[in-house]
Every structure is written in structure tokens, then in C-alpha cells.
Amino acid sequence: MRTSFETERLLLRELQPSDDTGMFELDSNPAVHTYLGKNPVTDIEQVREAITNIRQQYLENGIGRWAVILKETGEFIGWSGLKRHKNVNGHDTYYDLGYRFIEKHWGKGYAYETAKAFVDFGFNEMKLEKINAYADFDNLASRKILEKAGMHFVNFFDDEGVQQAWYEIKNPNS
């Protein structure tokens, strides 16, 4: 399976240990964590451990969150991708679409660009039957991105006291 591909403006590739500085900029920002439990990282070792765990997911599941690099500058601007996930909203296992971007890159269409690219990748290359995602009920921007990428709202569910919106898209080729 490929470990990188490009969209019009972005290079999507597996996270590398050298992405630690960019990941720290991303995940230490409290604004980024508004809908993620309000628990930003405080030490670069936390993101190094996260990168190690994500790289292990590549080995175990053949996929995981990937670095998003701005082709024009080579800058790390966030991550996006599919992750094999377990035990959420009554699903034993499923493929979760997710994304997270450094705040100065919000509102530029990168989340949609990567979400659409990973839906296509999941269906055309991984041959998945279905892809799911969820977002905090109040995170309207993220929910709009999921819908624009073709995902359909299924239901609301409680995740440790936080109301979440569950989405899915089925492979049109299945």
C-alpha cells in the first residue's frame, strides 16, 4: 500500500519522528483542543510518544493518521487520515476519518481537501465498505467538512459525557 500521495495543494504522507516540532505546535495549542477534551500537550515528549504509537498503527493496521505538508512551502500543517478504531458508538471496529490542523491554517479548505482524498483512498485503494467519523456536537465547522466530503449524519451519542455526532459513508463501488 502507498505511504504517501498528493492532492492539488498538499502532500499526505506517513508521520515521521522529525514531525515532532510541527505536532507539538499543533497539539499544544488550547484552541485546537476546544472540542477534544481541552487537554493540550505540554511537553514535546508527549507528541513523540504519539508519533511512535501512530507509526505502530501503520504496522498493525496498514493505515493511520498521516502528516499533511503544504506542497508550496514544505511546511507541516497538521495531520489527516484513516485510523482503524475500536469500541465507539456500539461499533467493535471501524475506519475513522479524522483531521487536525495548526490554527493558522484553519479556514483554507485543507480539512475538506484531505477528508475527500482519504475517503477516495479508503474506497479505491483499501477497498473499504464503509468509513465513519465523529465530531463534537458543537463543532459545526468539522461537521460541515464531514458532510461536504460526502458523509451522512447517523445519530448522536454520548462519549464520556460529551455529545458527539456520528457520520458514515458507504463505498459506492460495493
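Strand β5 (residues 91-101) is largely enclosed by the rest of the structure, because eight of its eleven residues are buried; buried means under 20% relative accessible area, exposed over 50%, and partly exposed in between, with a 1.4 Å probe and protein chains only. Strands are DSSP runs of E with at least two residues, numbered from the N terminus. This is a predicted model, in which local features need pLDDT of at least 70 and side-chain atom pairs count only at pLDDT 80 or more, while totals for chains, interfaces and linings use all residues. Residues are numbered from 1 along each chain as its sequence is written, and side-chain values use heavy atoms, with hydrogens and water left out.

Strand β4 (residues 75-88) runs antiparallel to β5 and is joined to it by ten bridges, where pairing requires that DSSP finds at least two bridges between two strands. Within this pairing, Lys 83 has Asp 96 of β5 as its bridge partner. The hairpin of β4 and β5 has two residues between the strands, and Asn 89 takes a positive phi there.

Phe 153, which lies in strand β7 (residues 152-159), is partly exposed, with a relative accessible area of 36%.

Conventions
Helix = DSSP H or I, 4+ residues; strand = E, 2+ residues; numbered from the N terminus.
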